[in-house]
Each structure stands twice: as C-alpha cells, then as structure tokens.
Amino acid sequence: VPGSKSACSLKKSPITSVPAQPPKGWSIITVEELKRYNVALEKDAAVRFFDGAVPTWQVALSNTVPRRQIVGTLAARFWEAETSGRTTLMLLLGAGCEGKTTAMLQTAYELTKGRSEWRVLRRVDDSQSFNPVEIFGLLTKEYHWLVVLDESDRIAEAVFAALRSFPRELQGRVHF
C-alpha cells in the first residue's frame, strides 16, 4: 500500500531483483549466485566433466576444477579495454574439449565477482538464436551486464548487426 511503512522501506532499499524472464535458452545469474558454486564437485559431476561434458557454472566455478591460466589474461585485457574506453574483441580459439567454455565461465566470474551491480546473461542453449528485441529488453540500466556467448561463431553476424541499433542509454553498461 503506498505510504505504508512497507512501501517506504521498499523505496529506500537497493534494487536486487533480477529483471524479466530471459527467452528460452538464455539465463540470468547474479554475482551472489555464482559465488555459491565455489565448492567441491560431487564425484559424478567431476567424472562427467573430466570425461568431456560441457561445463556448467557449477562445474567451472567449483574449487575442484583448476582455474585456466588464460583467465587472468582475458580478465586483464577486459579491464584494460574498459578503462581505456576503446572497443575490444577477444576471440578464444582452441580444439574441442580444450577448456574454452570453462575458461569463458571462469573469466565471467572473475570479471563480476565482488561487483553486486553486475548481472550475467548467458546463452545456455547454443541452438537458440540471438533476438535483439528480447535480449536488449532484458538489459536494464540499473545494472552492468556481461553477455556470455559460447559457440558465438553461429550468431556473430546477428550480434554485430544488432549492435548497430544498440540502445544509447545502455552503452558502456553492457559487454559481450
């Protein structure tokens, strides 16, 4: 009820909610949620991962899985580009099952940890397309966003085309 004690306390509290539901095949995760995954993996999950299964956040951020050496390099390049104000594209290439997805997820966590104002939007189903209307509608200006795209070669042209019409108010707050 407007004017009630509850309503007044809501006005003063920081926004911590996650925006609208992402489209099918996409997920939004907070830094606080990511932090919970820094625990030991159950034996079955570890065996599946080391047998070549595609890593999840739970696997990549587990303290059972070693941090990929490239993570520090990727994070440093990101922050260098961020502070210089220039656009940078980083492409991570490697043979299948070499740890690219693990490195990408570990880097995403490295970039966002300790920054509660950040949200990560990740395409979790590589068969799903990139619909800029749906995606840009999720990217509220109350947060900084890291959009994580694995197998991005399949949608690179769509992302590039969409960035030409990227909302001005989100520039500098959204990173792909």
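Visitor: Which cut-offs separate buried, partly exposed and exposed residues?
Guide: Relative accessible area decides the class. Exposed means over 50%, and partly exposed is what lies in between. Buried means under 20%.

Visitor: How does Trp79 count in this predicted model?
Guide: The model is predicted. Trp79 has a relative accessibility of 24%. Buried would need under 20%, and exposed over 50%. Trp79 therefore counts as partly exposed.

Visitor: How many helices and strands does the chain have, and in what order do the elements run?
Guide: The chain has eight helices and four strands. From the N terminus on, the order is α-β-α-α-α-α-α-β-α-β-α-β.

Visitor: What share of the chain's residues counts as buried?
Guide: The chain has 176 residues. Its accessible surface comes to about 11000 Å², with 53% belonging to carbon and sulfur atoms. The buried share of the residues is 38%.

Visitor: Among contacts between residues at least 6 apart in sequence, what percentage joins residues at least 24 apart?
Guide: Contacts here are heavy atoms within 4.5 Å. Those that join residues at least 24 apart make up 77%.

Visitor: How many aromatic pairs are there, and what is the geometry of Trp79 and Trp118?
Guide: The count comes to nine aromatic pairs. The ring centres of Trp79 and Trp118 are 6.3 Å apart, and their planes stand at 75°. Planes over 60 degrees apart count as edge-to-face. The Trp79 and Trp118 pair is therefore edge-to-face.

Visitor: How far apart in sequence are the parts that Trp79 and Trp118 tie together?
Guide: Trp79 lies in helix H5 (residues 70–84). Trp118 lies in strand E2 (residues 118–123), and counts as buried at 3% relative accessibility. The pair ties together parts that are 39 residues apart.

Visitor: Which class of ring pair do Phe136 and Phe166 form?
Guide: Their ring centres are 5.0 Å apart. Their planes stand at 90°, so the pair is edge-to-face.

Visitor: Where do Phe136 and Phe166 lie, and how many residues apart are they?
Guide: Phe136 is in helix H7 (residues 132–138). Phe166 is in the loop between helix H8 (156–163) and strand E4 (174–175). Both Phe136 and Phe166 are buried. They are 30 residues apart.

Visitor: Which residues do ring pairs link into a cluster with Phe136 and Phe166?
Guide: Phe136 and Phe166 belong to a cluster linked by ring pairs.

Visitor: Over which rings do the charged ends of Arg36 and Arg122 sit?
Guide: The charged end of Arg36 is 5.9 Å from the centre of the ring of Tyr37 and sits over it. For Arg122 the distance is 5.6 Å, and the ring is that of Trp57.

Visitor: Is Thr107 buried or exposed?
Guide: Thr107 has its place in helix H6 (residues 100–112). Its relative accessible area is 8%. The cut-off is under 20%, so Thr107 is buried.

Visitor: What does Thr107 touch?
Guide: A polar atom of the Thr107 side chain lies 2.7 Å from the backbone oxygen of Ala103. Leaving aside neighbours within four places in sequence, Thr107 is in contact with Val71, Leu74 and Ala75.

Key. Residues are numbered from 1 along each chain as its sequence is written. This is a predicted model: local features need pLDDT of at least 70, side-chain atom pairs count only at pLDDT 80 or more; totals for chains, interfaces and linings use all residues. Side-chain values use heavy atoms; hydrogens and water are left out. Helices (H or I, at least four residues) and strands (E, at least two) are DSSP runs, numbered from the N terminus. Buried means under 20% relative accessible area, exposed over 50%, partly exposed in between (1.4 Å probe, protein chains only). A polar contact is a pair of N or O atoms within 3.5 Å; within protein, one must be able to donate a hydrogen and the other to accept it, and residues adjacent in sequence count only if both atoms are side-chain atoms. Rings of Phe, Tyr and Trp (its six-membered ring) pair if their centres lie within 6.5 Å; planes under 30 degrees apart count as stacked, over 60 as edge-to-face and the rest as tilted. A charge sits over a ring if NZ of Lys or CZ of Arg is within 6 Å of the ring centre and within 35 degrees of the ring normal. Accessible areas come from the Shrake-Rupley method with a 1.4 Å probe; for residues, only the protein chains shown count as cover.
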